[in-house]
Amino acid sequence: MVPEFRNEPLVDFDVDANRRAFEAALRKVDDEATREWPLVIGGESVTTGEWIKVHDPSEPARLVGRVARAGRREAERAVEAARRAWPSWAALPAEERAAVLLRAAALMRRRRHELSAQMVVEIGKSWVEADADTAEAIDFCEFYARESRRLAGPQPIVTSDGSDVAMTYQPLGVGVAISPWNFPCAIATGMTVGPVVAGNCVLFKPASLTPIVAARMVEILEEAGLPPGVVNFVPGSGEEVGDFVVEHPEVRFVSFTGSREVGTRIYERAARVQPGQRWLKRVVAEMGGKDAIVVDDSWCDLEAAASGIVVSAYGFQGQKCSACSRMIAVGGTHDRLVELVVEGARALRIGSPRDPTVNFGPLASADQLRKVQSYVELGEGRPALMPGNVDLPGYFYPPTVIDDVPSSARIAQEEIFGPVLSVLRARDYDEAIAIANSTPYGLTGSVYALDRTKLERAKRDFQVGNLYLNRKCTGARVGVEPFGGFGMSGTNAKAGGPDYLKWFVDAKVSSELL
């Protein structure tokens, strides 16, 4: 009997034993910096002679490890391995496929600190952010295991006298999961195990900045008993491997999380029917956001609102698709709110996240650093908190607040994916909601208001896939707040929700006349 789903609790690092265990995990990850991680194709380890070298963004000279780089030849082998493995995997009872995910969740719990420590050194997450990432990966395994069993059971349809009618779901076949670097354990795991537990086989291409934590996840799936060929690990460049597998005629679906630019390109390329292709490909895309927190003038506790904004804007250095990048202050809330947000941003401790007291680490790469700098250098708005020099070797860019930003400005319309908060003024609540809806995105948003009618209007009028009321706009929980957005934020597949697995199956109705 599988118990009811519960979200994985987070680790309390104020407990001395937990701190010591995490420090030991960091040492283990450092000791394995010379390890070379192969591709996994059809259950076999494959090296290519070419490597993705991973460096610590806090100390770019420090090598974290090397992962084999796939090319088109390896991608073709992976498609064929997945195609061969699919019939027997799809034929397994849902309970047996779910059991693999439940075993994987148990193994992730045992290796939790190892996975989290890998993210600290590989992408610059703080201890707390990394642990939350791993906990979410465990949640995806647990939740989708249960969802697959539910989809395999009787489905609610209208009964009819004289006919025996049933609706069942059948897996699609071979698919591709292209995961991002910002949640390299959680999103990578969810994008992979969701289609797999529904009966599909997957080519898994992680982001080139974070392939090692992805390799550890694949290692856990193998140890949990996943048959060869069901998940094939093929890290490589988007131009060489990504385009090839997206367009491959044997690929039935593509699941992608990343930038709007890449996501729309995948959507376009997947729509083209290739010679020999017998289906329209299904694309699941999550492409970021330009998320806003509205603070209405009916809200009294500006300290609480400012705290939620600081956490939302600067958690993991603003490198979350759900991060607050626009603060919309209604009426007289503006001046004091800006003071409190600047005060909270200044209080963040910048440094290497190897230090458990650090809550603001580096950006992911030199490219990310240049991108953030380029937006601030546009000179739009009025500086309220500008970054000073950071005497550290990594890709550090301190928290930034830009006040009086016009709603049409680039920094108010485009996803920066960094620690830059734009402050916009609104005369009244109507204008605030109009400003919030003025971008092409529609992922997350938040409203702080005591006026109940305004909160209800936000539910109707604020066009985002995940709306939060009187709280921060990050931290969606698997099963509790299914995640996904509207417009250019993607296909709104709602990861971690009851509809997600349906993107990877076809519904079939059988009706027998009695």
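Predicted model: local features only at pLDDT ≥ 70, side-chain atom pairs only at ≥ 80, totals over all residues.
## Helix H1

H1 itself has 16 residues, and the distance from its first C-alpha to its last is 23 Å, close to the 22 Å expected at 1.5 Å a residue.

## Salt bridges

The structure holds 51 salt bridges. One of them joins the side chains of glutamate 219 and arginine 35, with an N to O distance of 2.8 Å. Glutamate 219 sits in helix H7 (residues 211-223), while arginine 35 sits in the loop between helix H1 (16-31) and strand S1 (36-37); the two are 184 residues apart, and the pair links distant parts of the chain. Glutamate 219 counts as partly exposed because its relative accessibility is 24%. Arginine 35, with a relative accessible area of 30%, is also partly exposed. Both residues belong to a network of salt bridges that links Lys28, Glu32, Arg35, Arg111, Glu114, Arg216, Glu219 and Glu223.

A salt bridge at 2.9 Å, N to O, is formed by the side chains of arginine 282 and aspartate 506. This pair links distant parts of the chain as well: arginine 282 is in strand S11 (residues 282-286) and aspartate 506 is in strand S21 (residues 505-513), 224 residues apart. Relative accessibility is 22% for arginine 282, which counts as partly exposed, and 25% for aspartate 506, which also counts as partly exposed.

Arginine 452 and glutamate 456 meet through their side chains in a salt bridge of 3.0 Å, N to O. They are four residues apart in helix H15 (residues 452-461), so about one helical turn separates them. Arginine 452 has a relative accessible area of 47% and is partly exposed. Glutamate 456 is partly exposed too, with a relative accessible area of 38%.

## Glutamate 129

Glutamate 129 is located in helix H5. With a relative accessible area of 17%, glutamate 129 is buried, because the cut-off for buried is under 20%. Apart from neighbours within four places in sequence, glutamate 129 is in contact with Gly315, Phe316 and Lys320.

## Strand S13 and its partners

Strand S13 (residues 324-330) has seven of its seven residues buried, so the rest of the structure largely encloses this strand. S13 pairs with strand S12 (residues 291-295) in the parallel sense over five bridges. Within that pairing, arginine 326 in S13 is the bridge partner of alanine 292. Between the two strands, the chain passes from S12 through helix H10 (residues 302-314) to S13, and this β-α-β crossover is right-handed.

S13 also pairs with strand S16 (residues 420-426), in the parallel sense and over five bridges. Here, methionine 327 has valine 423 in S16 as its bridge partner.

Methods. Residues numbered from 1 in each chain as written. Heavy atoms only, no water. Salt bridge = Lys/Arg side-chain N within 4 Å of Asp/Glu carboxyl O. Buried < 20%, exposed > 50% of the residue type's maximum accessible area, 1.4 Å probe, protein only. Expected span 1.5 Å × (residues − 1). Contact = heavy atoms within 4.5 Å. Pairing = 2+ DSSP bridges. Right-handed = clockwise from strand over helix to strand, strands pointing away.
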